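Subject: Structure for you to look at

Hello,

Here is the structure I said I would pass on. Please open it first, then read the notes below it.

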Amino acid sequence: MYKTVPHSQSLMPHLHLQDLTKYFPGVTAVQSLWLEVQAGEILALLGPSGCGKSTTLQMIAGVVQPDSGTITLDGQILNRVPPERRDIALVLQRGLLFPHLTVGENVAFGLKMRGVGQAEREEKAIAMLLQVQLEGFAQRKPSELSGGQAQRVALARSLIIHPKLLLLDEPLSALDANLREEMQDLILRLQAQTGVTMLIVTHDQAEAVVMSQRIALMFDGCLRQVDTPEQIYQQPCDETVARFMGGVNFFAAEAHGRQWTLSNDLTLLSEYDHHGSIQVTIRPEQIQVFIEGRSQANTLPATVIANRFTGTQRRLTLAIAPELTLQAWVTPTQDFQIGQSVWAYLPPTALWYFPHSTVPHPVQVS
Amino acid sequence: MLRKGLIVLVIVVLFLPFLPLVIWSFAQGWFFPQLIPDQWTLQHWSQLVSPASRVIEGLLQSLAIALITTILSLLVGLPAGRAIGVMEFPGKEALKLFLLTPIIVSPLATLMGIQFVLIRLGLNGTLLGVILVHLMPTIPYMTLVLTSVFANYDIRYETQARSLGASPVQVLSQVTLPLIAPGIVVGALFAFLISWNEFLLTFFVGAGRVFTLPMVLFTLLQGGNNGLVAAVAITSVVPGLLFLLLASKALGNDTALGGLGNV
Amino acid sequence: MPLKLQPPRHQTSPNLAQPFPWQAYLLMLPAVGIVGLLFGGGLVLALLQSVGAIGLLGSQISLTAYQAALTNPEFLRSLTLSLYIAVVATGLSTVLSVGLALLLRTAGRWASFACQITLPIPHLVGIAGVLLLLSPSGFISRSLYALGLIQSDQDFPLLVNDAGNIGVLLHFLWKEIPFITLILLAVLRSINPAYEMQAQILGATPWQRFWNVTLPMMRTGILSSSLIVFGYIFASFEVPFLLGSTRPRTLPVLVYRAFTDSDIARRAEAIALGIILSILSLLIIVAYSWLVSRGRQNRQPIKGA
């Protein structure tokens, strides 16, 4: 709800990673990575653990040196700039507050390093704590804080130095589910207030989707897709991306223009024009299930073979044909019996495809 | 209850040798079979301060040697402990084992070799020579303790500090050193106690000219003045005990001591 | 927005991927350098002296010093005595320390602190205390007389400078038990109590829990601390010199006597004996690292998050 459009749409990107590569003994951690982040933008770097996203973060922060490529921030090449002079602040998992300092001293740490006097430091730290709703916490020790409070202090500590770029490493993953939403709101509100550019590194697709304006998806050291959360959900560039984002329905098909024929001769109508072998996918929550048939295209007769209630959804497994099943996630108010005959409607706009090959095809870009 | 009784028994036994020491230091002519001396005196304690007993001289030399040795081994042990505790590099285990040799292997042969050189360098019988050989056992202890402390230290605190604008020097003084302070205290305690306790190394290299408190005590023990032996012995306990009391909080830090349990 | 996408490429690292860890070696340099120069250098010089390559009596290389050392009638008896003292004192203090550490595990801070009391006490002070406590005219002997249990100091068993080296052993127990206990307590506290709880739930009796869960987890700590203590006792000079038997003497005392002999020719023999002593201690380290590496194969180090 606090998501804002980037402040300045200048031609030059704010943060620019060009051909960034890093090798570690035995592995290529990051392979020729190109990425542009606009000023004021929130971008999530998403991928499974070990995909190279943390290495990328460390290279941007300056604690790991890239083997090749350049990092540019605000027009300045950072490769040879030490971390403390990059104007890039870092919020690590669990906040990582200095245990030997009070909360106030933690928040004022960056100012102290810059030689700001004691009185001014304290005043600014208290003001900053107010912004993260922790007034009166300045004298406490980090060990007395809850996980969410520690995370908020860490945010205050980073924002007090007015960084050009804020890096967040899995900011929500150590928090409880209900605390997550609160933190997420706070981060987005602070971002809106300060306009700081944010790069969030996470392995959790839900966290990436709710926090960012764009997602950069990484696998095995390579960037696979950079898009808005909506597009990554609806139009993944290949099956790996689709599965990582929670895709479960995949069928082989033969495309003849907008007519796609499945293996059992069922034909689906789509919005996309293609010819040849393809892989068809549709998100489970996009499928609609009806008890009575309709004379509408893409409506297939099916049998319910599994029905699982998750609280917010009812997850149905539907048999369309002997070797063709489909996952449909519908509202929990709709209930079905096992073995019941139903109709599954696959909206043409929701159908997506990848050509049958290992090389990802060019992605439609916004 | 049995548990408590056993602990009390252990403590009593551990304290037992101090009992005759304390009595002897105030006793005048305590002959067998008297359980308690007939006459008490302060003469052994007053003898301590007379220059003839060389106790004050020994105390000062011991203190100087132990303090300088502790500081030097800290300066050397900190980088080594960090390398072993934080970094991965080929030959790490072998180097760790090598650093251990001076506290496992008898120093007698080495001392005779070192003495050969120190005589030619004019360092035999000097404080500097004694401090140098005291580094042999103190560096390994210091390194072991600090290795364990660094192994349990989250290096990302330094990343965090750098990103907040701290230079490498500021990181060291504002983050690293305060965070490993308990380990430094434990390492320094061990280094101080080892140097303070050291007899053989001082004996070989000191050539009788460096006369530390253990040298005084060793000489007295070969004589027969039990009263003076007791007074000097009690005096030798005080600095180490004070240091132990000061460091008692840091000794509760298990990772520091764990280093000696994982050599 | 133009977007450049690369196909995924799996690639093993090229040679440049493994940067030489010069920084680690640089940090190690002062410690390794000083220890190497002093200890290693000293040992090499001692070796050169022992074979006559350098020294006071000209430079004629020969192994006569080693011949003299090994044929010294006292050598074997001294070696046996040194090993006996080191093995018995280390073994007893290790076993008793494991027990004491388990006792103190749940005891309060003051009890643990009181049990560390001998840690800062110099060995020579302990020697003085043991002498005044255990000698025939010592405090225990006087107490027994006062209780009427002995009639004269002749009735009191010889416990210092005795053939069995009881005084030496008691001194080492008194000094080393608190040291090992301190280390083992730290090890014990780092063990997650959930393991023992889990074993209990699976039906293990207290003894089985100790034997199958707690003790294996203390293994490295026990081996490490007993190695340090064994090395120390085996090389100790002043304790057997002042509290031990006069004949035979331990190896370090034998070396000292030969070195301070008025016959300067015996110096080379003393150094040769010292070298033999060092080699024996080195063998202990080798045996230890073999034991540890055997244990490490199926064990993960316990490390904090």
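**What was found**

Chain B contains 13 helices and 2 strands. Please keep in mind that the model is predicted. The C-alpha trace of chain B spans about 70 × 60 × 35 Å along its principal axes. Of the 263 residues in chain B, 55% are buried. As for contacts within chain B, take those between residues at least 6 apart in sequence: 77% of them join residues at least 24 apart.

Next, the contact between chains B and C. Chain B puts 82 residues into this contact, and chain C puts in 86. On the chain C side, helix H1 (residues 22-50) supplies the largest share, 17 residues. By type, the chain C residues that touch chain B are 61 nonpolar, 20 polar and 5 charged.

One residue of chain A is worth a look in the viewer. Leu90(A) is part of strand E6, which covers residues 88-91 of chain A. Is Leu90(A) buried or exposed? Leu90(A) counts as buried because 29 other C-beta atoms lie within 10 Å, and the cut-off for buried is 20 or more.

Which residues does Leu90(A) touch, leaving out those up to four places away in sequence? In chain A they are Ala61(A), Ser158(A) and Leu167(A), and in chain B they are Thr159(B), Gln160(B) and Ser163(B). Ile187(A) is 97 residues from Leu90(A) along the chain, and the C-alpha atoms of the two are separated by 14 Å.

Regards

Notes
Residues numbered from 1 in each chain as written. Chains lettered and ligands numbered in written order. Predicted model: local features only at pLDDT ≥ 70, side-chain atom pairs only at ≥ 80, totals over all residues. Helix = DSSP H or I, 4+ residues; strand = E, 2+ residues; numbered from the N terminus. Buried ≥ 20, exposed ≤ 12 C-beta atoms within 10 Å, placed from the backbone. Contact = placed C-beta atoms within 7 Å. Nonpolar A, V, L, I, M, F, W, Y, C, P; charged D, E, K, R; others polar.
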